[in-house]
Amino acid sequence: MSKILEQTLGQIYEILGSEIENLSVERVVFGLFFTGVKLNNGVAGVSYTPLKSLGSAVCCPSQAEKMPLSGRLVGKNVKYFLQDIHSDKSLKKTLAIAVINALSQTCLQKNPNLHELEFDADPFDKLDIKAGSFSVIVGALVPYIKFMMKNGRDFRILELDKSVLKPDELKFYLPAQAASEVVPKADNLIITGTTLINDTLENLLAMKKTDANVVVVGPTVSMLPKAMFDRGVSYAGGVYVRDADALLDIIAEAGSGYHFFGKFANKITISAKRG
């Protein structure tokens, strides 16, 4: 059960108040890489699409069980979706997170001084990965893995699916079960936002050492970051949507960030030290 999502949602309710009663979902898209929603206020939110969690859904009945009410989602109040933040159905939870992210952007637009956002910035660039330090990357975050390898840094990759790593990356691989061995030793901890979907983010943050530099990054964590900052996250990186319909059109055509960043959305970085 995600306390991070609960606390973030509480902050959203506090900021928006009764306004949330009039907010509904106008459009829903499940793409190969991202899931996106557009609210009736024109604001969109995105999240990672956990396709691998659908491995057992090989026919229509099992798919319907994974994601019920398809075709009947548009027009429902956002609170209908928010009740699924603790769902054990990953697509329902993903959709709830996308709604939270749209509501979070609504909060940021309503109160621009809530956090200091850096646009077109990657939170990884905020870290000074010194020679001699030890880093742990949670998830197959390719650009960060390449940096570590190119610069000869000491690091390990925690990943649920070993097959997503290239042969030269496998020597840095550890199974997810090894988290308790390496996370407490990490000077730098870089975590994929998909850990919020599979309910591992809070445990990872609880394991870290006090002075570790921590980044959580990805479309899934495009939300108000206070709950993460309260748990020791240094920098949060997500997506800020500029053109909701254009972005959702790209997602619907199996597009990825390469297709919409700089056009219809921006990467954003928020710092706990200045937020």
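Buried residues make up 52% of the 275 residues in this protein, where buried means under 20% relative accessible area, exposed over 50%, and partly exposed in between, using a 1.4 Å probe and protein chains only. Keep in mind that this is a predicted model, where local features need pLDDT of at least 70, side-chain atom pairs count only at pLDDT 80 or more, and totals for chains, interfaces and linings use all residues. Residues are numbered from 1 along each chain as its sequence is written, and side-chain values use heavy atoms, leaving out hydrogens and water.

**The overall build**

You'll find ten helices and eleven strands here; these are DSSP runs numbered from the N terminus, with helices being H or I of at least four residues and strands being E of at least two. The radius of gyration is 18 Å, close to the 19 Å from the globule rule for 275 residues, so the protein is as compact as a globular protein of that length. That radius is taken over C-alpha atoms, and the rule is 2.2 Å times the number of residues to the power 0.38. Along the principal axes, the C-alpha atoms fill a box of roughly 55 × 45 × 35 Å.

Contact means heavy atoms within 4.5 Å. Take the contacts between residues at least 6 apart in sequence: 63% of them join residues at least 24 apart.

**Inside the protein**

A nonpolar core is a set of buried Ala, Val, Leu, Ile, Met, Phe, Trp, Tyr and Cys residues joined through side-chain atoms within 4.5 Å. The largest one has 56 residues, and V78, L103, V136, I191 and M228 touch the most other members. Which helix gives the most to this core? That's helix 4 (residues 90-110), with ten residues. Another core lies apart from it, with 17 residues, including L127, F155, L165 and V215.

Setting aside neighbours within four places in sequence, T220 is in contact with V46, S47, Y48, I97, N101, G193, T194, L196 and I197. With neighbours within four places again left out, G31 is in contact with T49 and I251. G31 and L248 are 217 residues apart in sequence, yet their C-alpha atoms are 8.7 Å apart in space.
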